[in-house]
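Please study the structure shown below, then work through the exercises in order. Each task is followed by a solution in steps.

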Amino acid sequence: MNEYRGTQQSPEVVSAECRALLAEWSEQLLAASDLSELERIRVAVIGKNGILTQKLKELPNYSPENRREIGAELNATRAFFEKALNGRHLQLESAAFDETMKEEAIDVTLPCRPRMAGKRHLLTQVSDELTSYFCSRGFRVFEGPEVDTEFHCFDGLNMPAHHPARQEQDTLYIKDAPGMLLRVHTSTMQIRALSTCGLPIRGISIGSVFRNDAVDATHTPLFHQIEGVVVEPGITMAHMKYCLLDLLSFLFNTDLCEMAKRGENIPVRFRPSFFPFTEPSVEVDCCCSRGSDGLKLSLDGNWMEILGCGMIHPNVFKNCGVEFFADGTPAQGFAFGVGVERIAMLKYGVTDIRHFYDGDMRWLQHYG
Ligand code: DAH
């Protein structure tokens with residue numbers, strides 16, 4: 001209940017005071033330079049504990065005859081203040097907007113930044129070319145881990161414990177995982193594919209391999225290989241020769257199979273070799289010469305070893321548990337392994353393997 005508690009000030013005094021306060025507030029509003037300052041003034045005047053709010057709260061203390069007059073005066077003061085506040089608010093807001101527009105102005109006459117387009121790395125290009133080539137000939141693509149077991153890397157491939165390739169100067173073993181290593185070749189995928197997919201099989205696998213090699217123009221501790229495996233009924237070395245001649249024809253844009261059919265001497269030779277996982281084993285050399293438009297196959301060049309291959313050793317089939325085809329005939333097929341960098345170097349005339357990994361932007365732009 002509002003109880004009459006006696007007059008404190010006459011309406012004339014209140015009115016004079018209100019005018020004085022309004023003049024003061026108007027000056028403060030004008031002097032305010034940003035919206036937060038404006039908010040501070042608003043709170044001081046009409047906030048919960050603001051001066052004017054306080055005065056309005058005291059209204060019930062006045063005698064009924066003064067209350068009406070003083071109430072009207074205070075409300076008019078409040079309305080006047082709010083109007084001035086809103087006006088200044090609009091002014092400051094539009095000034096702030098103008099400022100932002102000025103700061104964020106875009107000079108449309110400036111030349112645009114050059115756009116750097118990324119390019120595919122030469123090794124990615126060659127790997128993609130090889131993948132699409134093999135896929136078009138019915139090969140499937142296998143993928144597998146770079147950290148693998150001694151079984152997949154050596155034992156399964158008929159490389160017994162005393163084999164020199166297993167020694168630590170060639171192989172990078174994983175310190176805290178006995179029997180685990182960084183694969184030294186993608187032949188691991190022969191074992192994985194044969195033992196998980198069974199027969200028949202026709203696939204490739206491309207990926208990184210690791211060797212504890214010193215770095216020079218032809219060696220890096222990481223490089224890439226493509227491994228191929230074909231085990232189908234009736235597959236012989238003749239199929240292997242045709243398959244690899246067709247691959248080299250594709251890579252060097254020369255129809256070697258046609259030349260061979262015509263009885264011509266071809267610039268490719270199959271040379272007896274040794275790998276523990278193939279019997280017989282073969283290495284393939286190409287005779288290349290450097291022309292004005294890159295390397296080409298020709299008999300008056302130099303012989304260069306390009307890949308290893310052979311008929312899969314029966315022990316490999318035994319180790320993978322796939323000694324026979326479904327009709328009971330013994331498993332027979334071939335495998336091959338090629339260095340991806342080697343192909344890229346021959347095909348695109350790259351002279352130093354380190355260039356692939358330098359990250360030199362000019363080189364990447366040129367070969368990308
Ligand atoms: N794994 C061999 C290496 O890294 C390459 C190789 C040779 C793979 C003969 C094969 C093969 O599949 O039959 O040098």
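The exercises below concern a predicted model and treat helix packing, the ligand site and backbone geometry.

**Exercise 1. Determine how helix α1 is oriented relative to helix α4, and state which residues form their contact.**

Solution.
- Step 1. Helix α1 covers residues 11–31 and helix α4 covers residues 64–103; their axes cross at roughly 10° and come within 10 Å.
- Step 2. Angles under 35 degrees count as roughly parallel. Therefore α1 and α4 are roughly parallel to each other.
- Step 3. On the side of α1, the contact is made by P11, E12, V14, S15, C18, L22, W25, L29 and L30. On the side of α4, N66, E69, I70, E73, L74, T77, F80, F81, A84, L85 and R88 take part.
- Step 4. Sorted by type, the residues of this contact are 13 nonpolar, 3 polar and 4 charged.

**Exercise 2. Determine how helix α2 is oriented relative to α4, and classify the residues of the contact.**

Solution.
- Step 1. The axes of helix α2 (residues 35–46) and α4 come within 10 Å, and the crossing angle is roughly 170°.
- Step 2. Angles over 145 degrees count as roughly antiparallel. Therefore α2 and α4 are roughly antiparallel to each other.
- Step 3. From α2, the residues L35, L38, I41, R42, V45 and I46 meet R78, F81, E82, L85, R88, H89, L92 and E93 of α4.
- Step 4. The residues of the contact of α2 with α4 comprise 8 nonpolar, 1 polar and 5 charged.

**Exercise 3. Describe the packing of helix α5 and helix α8.**

Solution.
- Step 1. Helix α5 spans residues 122–135 and helix α8 spans residues 237–252. Their axes are 11 Å apart, and the packing angle is about 135°.
- Step 2. Because of this angle, α5 is oblique to α8.
- Step 3. The crossing of α5 past α8 is right-handed.
- Step 4. E129, L130, Y133 and F134 of α5 make the contact with C243, D246, L247, F250 and L251 of α8.
- Step 5. By type, the residues of this contact are 7 nonpolar, no polar and 2 charged.

**Exercise 4. Which residues around the ligand come nearest, and at what distance from a nitrogen atom of the ligand does a polar side-chain atom of H185 lie?**

Solution.
- Step 1. Of the 15 residues around the ligand, those that come nearest are H185, S187, R211, Q225 and E227.
- Step 2. H185 has a polar side-chain atom 3.0 Å from a nitrogen atom of the ligand.
- Step 3. For S187, a polar side-chain atom is 2.9 Å from a nitrogen atom of the ligand.
- Step 4. F336 contributes a backbone N or O atom, which lies 3.4 Å from an oxygen atom of the ligand.

**Exercise 5. Locate the cis peptide bonds from L199 to P200 and from E279 to P280, and the positive phi of N158.**

Solution.
- Step 1. Most peptide bonds are trans, and most residues other than glycine have a negative phi.
- Step 2. The peptide bond from L199 to P200 is cis, with omega near -5°. P200 lies in the loop between α7 (188–197) and β4 (201–210).
- Step 3. E279 and P280 are also joined by a cis peptide bond, with omega about -5°. P280 is in strand β7 (residues 278–291).
- Step 4. N158, a residue other than glycine, has a positive phi near 65°. N158 is in the loop between α6 (150–153) and β3 (180–182).

Technical notes: Residues numbered from 1 in each chain as written. Predicted model: local features only at pLDDT ≥ 70, side-chain atom pairs only at ≥ 80, totals over all residues. Heavy atoms only, no water. Axes fitted to C-alpha atoms, helices over the stretch in contact; angles between N-to-C directions. Helix = DSSP H or I, 4+ residues; strand = E, 2+ residues; numbered from the N terminus. Parallel < 35°, antiparallel > 145°, perpendicular 65-115°, else oblique. Left-handed = near helix turned anticlockwise from the far one by under 90°. Contact = heavy atoms within 4.5 Å. Nonpolar A, V, L, I, M, F, W, Y, C, P; charged D, E, K, R; others polar. Near = heavy atom within 4 Å. Polar contact = N/O pair within 3.5 Å; in protein donor to acceptor, adjacent residues only side chain to side chain.
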